[in-house]
Amino acid sequence: MNGADWLLAGLAAEGVPVMFGNPGSTELPLTDAFGRQDGVRYVLALHESVAMGMADGYAQATGRVAVVNVHVQPGLANAMSGILNAARSRVPLVVTVGQQVQELLPGEPFLGGELVRMAAPLAKGAWEVARAEELPAVFARAVRTASAHPRGPVVLSLPLDVQVAAAPGPHVPRPPAAPSAPPAAALDRAAAILAGADSPVILAGDAVVHAGASADLARLADRLGAPIFGEPMGATVPVPTDHGLWRGPLPPFEAAIAPLLAPHDVVFAVGMPVFRLFGWSPGPALPPAVRLIHLEVDPHEVGKVHPPAVGLVGHVGDGLRGLVARLGETPPAAVERRSRAVAATAAARRSARARLAREAGGPRVAPAAFARAVGGALGPRDLLVDESLTAGRGLRAAVARRTPATWLAHRGSALGWGLPAAVGAGLADPSRRVMAVQGDGSLLFGVSALWTAAHEGVGTALVVADNGGYEILRAGLEGLTGRPEGAWPGIGIAGPALDLVSICRGFGASAVRVDEPADLREGLADMWRRTADGPAVLVVGVEGRTPPVGHPLTANAPGR
Ligand SMILES: Cc1ncc(C[n+]2csc(CCOP(=O)(O)OP(=O)(O)O)c2C)c(N)n1
Ligand SMILES: [Mg+2]
């Protein structure tokens, strides 16, 4: 047994059945080792960012560490976008990277170079294994670091000489210690403020889901009679979306957050940064009179921008349960507040659906019509993986009940995550239907995942909103300049028109295009049927503009 065999045995011992990757000469001992065992299967991606997206979807679908292997500096460079996405979404990934024989490194060989420093700014941790004897300690630390909350991607550099050296003793899996509960005294203070609030509001992020604490969050919201907003551009939903107090995610701009928080005297933010914004707008998001209570597993986030009246660092589930226990019986005022909030939520949902219905008409497929059709094609157990940018804006209003297990969204970092993540989630559980929704532009960053899906026999459904360009950036330019059009390069991708159907077929998927609103429903039904034979694509011609995004910087931002 050599170092490469040891690594695969270690992964098998950790219960990791799949390694995603794209190989090169610095990983050949590892490639060779796959044939000597059957605990871990290799899933080939045609580009490292696709391998990363697949591992990301696999990890988010299973809630467990997923593993990727890439090829020395070029492979790591290509994987960095996926490391960024995983860091933003707190996804537990171990990325192993082949490294040149260490003896050659001083000569700066072709296949070799600094990996740890390359990964450092984005990865949660990065280490190089200098000797095979270090493998047990460094590998155990990598898995533990990736899977300890807040989770994240780590990088492990494996020199060729370590891969071929005699293996050390076997790996013994040891899960990381769970975060401890927030301090009791701080919970007491937070509970007292919440109990005295006239109009509390809850902001909840992905870390609630990572802690398995959705039901605890719902209990606290019910006890307080407080509406729940999601964090801006969250990867998932913190409670099932049919909960009477769920108001959808916050917008990612301060100017748009402020009016939503203004009616409230206490803001309870849990399991999220306060706030990860998309761009500048006039702030602040938190009205000055408001009192903030912030419960987070990541100490770095508490007080980072907005100093809380009470900061609670620790296990998100323990914190929520601690607050519910301290608050006790629901007083009549909270019961009343709850029924008002539930009525307001229902009214907001009705008006969002009515607006979508109004905007869905017309001779072409409008974004609203696209969202309604896609929403209508999803069953309660189907997983929706959303990287649809503008055409999917209406999806949240259009789709029926989603839970943390049936909704995964792009966090607005590196494009090319969606389709690969859907394929990864499909590999994790072949028994469930998975649908990726992509824009035409974002699709092309990760389209080769279709080949892996076809190769692995994964029937991923893919719906593409083809609007001939980067509509979100046109809308951003309109927000910036106040003009809907301009001499803007780099926004249209329709000259020449991309033949997305042929492109998808070229990767081994079945693909059909529809442009008529009347054909959309049947097109989607037909797509699901085609998934029986592998990845199945429906390209939809979508027309229609998105309202301006963002704010003018020069006019409204003094000193910028
Ligand atoms: C790796 C990467 N490169 C570039 C961008 C910038 N970007 C954000 S959205 C976008 C265009 C998306 O186009 P499409 O998927 O067609 O959606 P649409 O805007 O048309 O709805 C681009 C290029 C990014 N987020 N990530
Ligand atoms: Mg587009």
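Two strands are said to pair if DSSP finds at least two bridges between them, and this definition is used in the legends below, which describe a predicted model.

**View 1. Strands β4 and β6 pair within an open sheet of six strands.** Strand β4, made of residues 93-99, and strand β6, made of residues 153-159, run in the parallel sense and are joined over seven bridges. Within this pair, T96 stands opposite L156 of β6. The sheet to which they belong has the strand order β2-β1-β3-β4-β6-β5, and its pairing is parallel. At the edges are β2 (41-44) and β5 (125-128), each of which pairs on one side only. Neighbouring strands of this sheet are turned by 25° against each other on average, if direction is ignored. Helix α4, residues 72-89, lies across β3 (66-70), β4 and β6, and runs at about 170° to β4.

**View 2. A second open sheet is formed by six strands in the order β9-β8-β7-β10-β11-β12.** The pairing here is parallel. Why is one side of β9 and of β12 left without a neighbour in the sheet? Strands β9 (246-249) and β12 (310-313) stand at the edges and each has a single partner strand, so one side of each has no neighbour in the sheet. On average, neighbouring strands of this sheet are turned by 15° against each other, with direction ignored. One of the pairs consists of β7 (residues 200-204) and β10 (residues 266-270), which are joined in the parallel sense over five bridges. In this pair, A204 stands opposite V270 of β10. Strands of a sheet pair through backbone hydrogen bonds, either parallel or antiparallel.

**View 3. Helix α14 is mostly covered.** Of the 10 residues in this helix, which spans residues 367-376, nine are buried. The buried residues are P367, A368, A369, F370, A371, R372, A373, V374 and G375. They pack against the helices α13 (332-359), α15 (395-398) and α21 (520-530), and also against the strands β15 (434-439), β16 (461-466) and β18 (536-541).

**View 4. Residue A398 is found in helix α15.** Is A398 buried or exposed? A398 has 23 C-beta neighbours inside 10 Å and therefore counts as buried, since the cut-off for a buried residue is 20 or more. If residues up to four places away in sequence are not counted, A398 touches L356, A371, R372 and G375. A398 and G376 are 22 residues apart in sequence, while their C-alpha atoms are 7.2 Å apart in space.

**View 5. A shell of 17 residues lies around ligand 1.** The residues that come nearest to the ligand are L389, T390, G439, G441 and S442. Helices α17 (440-446) and α19 (471-481) each supply at least two residues of this shell, and the largest share, four residues, comes from α17. Sorted by class, the shell around ligand 1 has eight nonpolar, seven polar and two charged residues.

View 6. Along the principal axes, its C-alpha atoms fill a box of roughly 70 × 60 × 50 Å. Of the 560 residues, 52% count as buried. Among contacts between residues at least 6 apart in sequence, 78% join residues at least 24 apart.

Terms used:
Residues numbered from 1 in each chain as written. Chains lettered and ligands numbered in written order. Predicted model: local features only at pLDDT ≥ 70, side-chain atom pairs only at ≥ 80, totals over all residues. Near = placed C-beta within 6 Å. Nonpolar A, V, L, I, M, F, W, Y, C, P; charged D, E, K, R; others polar. Axes fitted to C-alpha atoms, helices over the stretch in contact; angles between N-to-C directions. Buried ≥ 20, exposed ≤ 12 C-beta atoms within 10 Å, placed from the backbone. Contact = placed C-beta atoms within 7 Å.
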